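The stops below are given in the order in which to select them.

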Amino acid sequence: MSKPFQFKQFTIHQDQCAMKVGTDGVLLGAWTSLDHQPETILDVGAGTGLIALQLAQRSVAETIDAIELDEAAYEQCVANFEGSPWADRLFCYHAGFDEFVDEIEDKYDLIVSNPPFYAEEMGSGDSLRDQARQNSSLPFDELLKGVSGLLSEGGLFSVIIPYKEERGFVELAAASGLYLNRITRVKGNPNVEYKRSLMEFGFSKTVIEESELTIERERHQYTEEYIKLTEAFYLKM
């Protein structure tokens, strides 16, 4: 039984979810820009609802919608939303992204996604977890096509993907009319390769703002940048 994850302003129950609270989600929820003051936000593949809850804490957006296909994760997400201080602004749809895109007429000022991304067949022995991590359930091209249809004109799309997928993702995005504005490459410590890319896209081409983030100097010694980014959420920061 996995224990609830306690953040400063909300709690995530995750015993029904294949994908537990992880650094990727927390990073994306903290890194995503709100400078354009979005009024409507969509979290694609919400899982526990973590990222939507972080954005509710950080923003004054009136509408924060989430979509989750897996039934158990969907129910957990709804419960986490209802138990939070922002329940009146959060709503989760139980749907696949393709059907959601077909049915929804609204546009969103901000779309975020921590998509499933192990394209290569991999088996951890836990089929639900594997399904949550297989991008076959939401291929990148389908994600990007849907996002370009749902994003408002000045809207932003924020995503975290494996560093090694970065170039291909940028090309797929451009094919859907989405251009990279900002990127932060993430590594666990100073001695390892980049592992993740935090990326922000919009409809207009701009000079790309590039940076990098290292999480730990050494085991459990977090860098100043990482603490600054996540201290609004983690109890221990």
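This is a predicted model: local features need pLDDT of at least 70, side-chain atom pairs count only at pLDDT 80 or more; totals for chains, interfaces and linings use all residues.

A residue counts as buried when its relative accessible area is under 20%.

Start with helix α1, residues 23–31. Eight of its nine residues are buried, which leaves the helix mostly covered. Select D24, G25, V26, L27, L28, G29, A30 and W31 to see the buried ones.

Next, select strand β7, residues 151–162. Ten of its twelve residues are buried, so the strand is largely enclosed by the rest of the structure.

Strand β6, residues 108–113, pairs with β7 in the parallel sense over five bridges. To find one of these positions, pick L110, whose bridge partner in β7 is L156.

Pick V159 and look for M199 of β9 standing opposite.

The last stop is the second largest pocket, with a volume of about 320 Å³. Which residues line the second largest pocket? Select F5, Q6, V21, G22, T23, Y222, Y226, I227, Y234, L235, K236 and M237. The elements that contribute two or more residues to this lining are β1 (5–6) and α8 (224–230). Colour the lining by residue class: eight residues are nonpolar, three are polar and one is charged.

Notes:
Residues are numbered from 1 along each chain as its sequence is written. Side-chain values use heavy atoms; hydrogens and water are left out. Buried means under 20% relative accessible area, exposed over 50%, partly exposed in between (1.4 Å probe, protein chains only). Helices (H or I, at least four residues) and strands (E, at least two) are DSSP runs, numbered from the N terminus. Two strands pair if DSSP finds at least two bridges between them. On a 1 Å grid over the protein atoms alone, a cavity is a set of points where a 1.4 Å probe fits but cannot get out, and a pocket is an open set with protein on both sides within 12 Å along at least five of seven lines; lining residues have an atom within 4 Å of a point. Grid points are joined across faces, edges and corners, and a volume is the space filled by probe spheres set on the points. Ala, Val, Leu, Ile, Met, Phe, Trp, Tyr, Cys and Pro count as nonpolar, Asp, Glu, Lys and Arg as charged, and the others, Gly among them, as polar.
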